[in-house]
Amino acid sequence: METDAHPAPVLIRGDAERQWIFLTGVVVLTGFATWVFADLLWAGGLDLIDRLLLVVFVPLFAFVAFGFLQALAGFFVLLAGRGRDPRSITQLLEGEPPDVAALPPTALVLPIYNEDVSRVYEGLRAIYLDLVRTGAIDRFDFFILSDSTDPSKWIEEEVAWLDLCKQVKGFGRIFYRKRAVPLNRKSGNVSDFLRRWGRSYRYMVILDADSLMSADTLVRLATLMERHPQAGIIQSVPVPVQGRTFFSRMMQFGSTLYGPLFQIGQNYWQGCSGNYWGHNAI
């Protein structure tokens, strides 16, 4: 399961200089480490195994250097304070509460495909009730877009949708659609939604089957889009929660402990050319 903290800072101007500095640092560290390692190998004479070790060492150490510099950048951004980064898209929101009533209509789109129906709808219920609590529900509509191929899932999804709408009084806010022909999978499902209903909304938030997003995060994302109309996608930072296995609990602990350093460092050097994760974004 994934949930979201506050939207991560996104850089909005030219970031080529940061990227060149970052990648140059990776090359310099990798080159120095490769020279030291090769010098150790040469001391005993290079055979075939040593050459193979050297070939494998270069990309592996480059990966380590990449992560180190990314975390280092995040550390200094946190040390200086996020609001002091002149390229941070979130700096205009500091100390100023968002005006919920002024937000345009936003669609929350959830494509599903033979998912655990109870888990999906409980997540939607939590998001919906949180929006009700904050008074922002009038600015958001929910769309459950099903491509499920199991007939029993269709019935379960439709029954669960009716029950959810009755329980939270969500008729007219929560919509369910089952495509007759599931062309192009998830991307086709989303594009079909946009062709049919996209004109009714200024923004769209893509959810994953296990997504949980707080009302504060959703309002913050919509506010950021309003204040930066040149932005195409602003995405939040997903973090794992409620892990059950030992491995998932380890991943959850690690993500909580050092995840912010890597995430903020990634935002610092990627800027406006960052990759899109496919969900939990507006």
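Student: What do the buried residues of α4 pack against?
Tutor: Against β2 (106-112), α3 (117-134), β3 (140-146) and β4 (174-178). Mind that this is a predicted model, where local features need pLDDT of at least 70, side-chain atom pairs count only at pLDDT 80 or more, and totals for chains, interfaces and linings use all residues. Residues are numbered from 1 along each chain as its sequence is written, and side-chain values use heavy atoms, with hydrogens and water left out.

Student: Which residues of α4 are the buried ones?
Tutor: K153, E157, A160, L164, C165 and V168. They sit on the same side of α4 because they cover an arc of only 135° around the axis, taken from the directions from the axis to the C-beta atoms. Buried is under 20% relative accessible area, exposed over 50%, and partly exposed in between (1.4 Å probe, protein chains only).

Student: And which residues are exposed on the other side of α4?
Tutor: I155 and K166.

Student: How far does α4 reach from its first C-alpha to its last?
Tutor: 26 Å over 18 residues, 151-168, close to the expected 26 Å. That expected span is 1.5 Å times one less than the number of residues. Just after α4, K169 takes a positive phi of about 55°.

Student: Zooming out, how many helices and strands does the protein have?
Tutor: Seven helices and seven strands, taken as DSSP runs numbered from the N terminus (helices H or I, at least four residues; strands E, at least two). From the N terminus on, the order is β-α-α-β-α-β-α-β-α-β-β-α-β-α.

Student: What share of the 282 residues is buried?
Tutor: 43%. As for contacts (heavy atoms within 4.5 Å), 80% of those with a separation of 6 or more are between residues 24 or more positions apart.

Student: OK, salt bridges. What does the count come to?
Tutor: 10, where a side-chain nitrogen of Lys or Arg has to be within 4 Å of a carboxyl oxygen of Asp or Glu.

Student: Which residue does D130 pair with?
Tutor: R133, with the closest N and O atoms 2.7 Å apart. D130 is buried at 18% relative accessible area, while R133 is exposed at 58%.

Student: What about R177, which side chain does that one meet?
Tutor: D192, at 2.6 Å from N to O. R177 lies in strand β4 and D192 in helix α5 (residues 185-197), so the pair ties together parts 15 residues apart in sequence. R177 is buried at 14% relative accessible area, and D192 counts as buried at 10%. R177 and D192 also belong to a salt-bridge network with R195 and R196.

Student: Where do E226 and R202 sit?
Tutor: Their side chains meet in a salt bridge too, at 2.6 Å from N to O. E226 is in helix α6 (residues 215-227) and R202 in the loop between α5 and β5 (203-206), so this pair links distant parts of the chain, 24 residues apart. E226 is partly exposed at 30% relative accessibility, and R202 is exposed at 52%.

Student: Last thing, the surface. Which element gives the most to the nonpolar patch?
Tutor: Helix α2 (residues 48-80), with five residues. One of its residues is F68, which is partly exposed at 48% relative accessible area.
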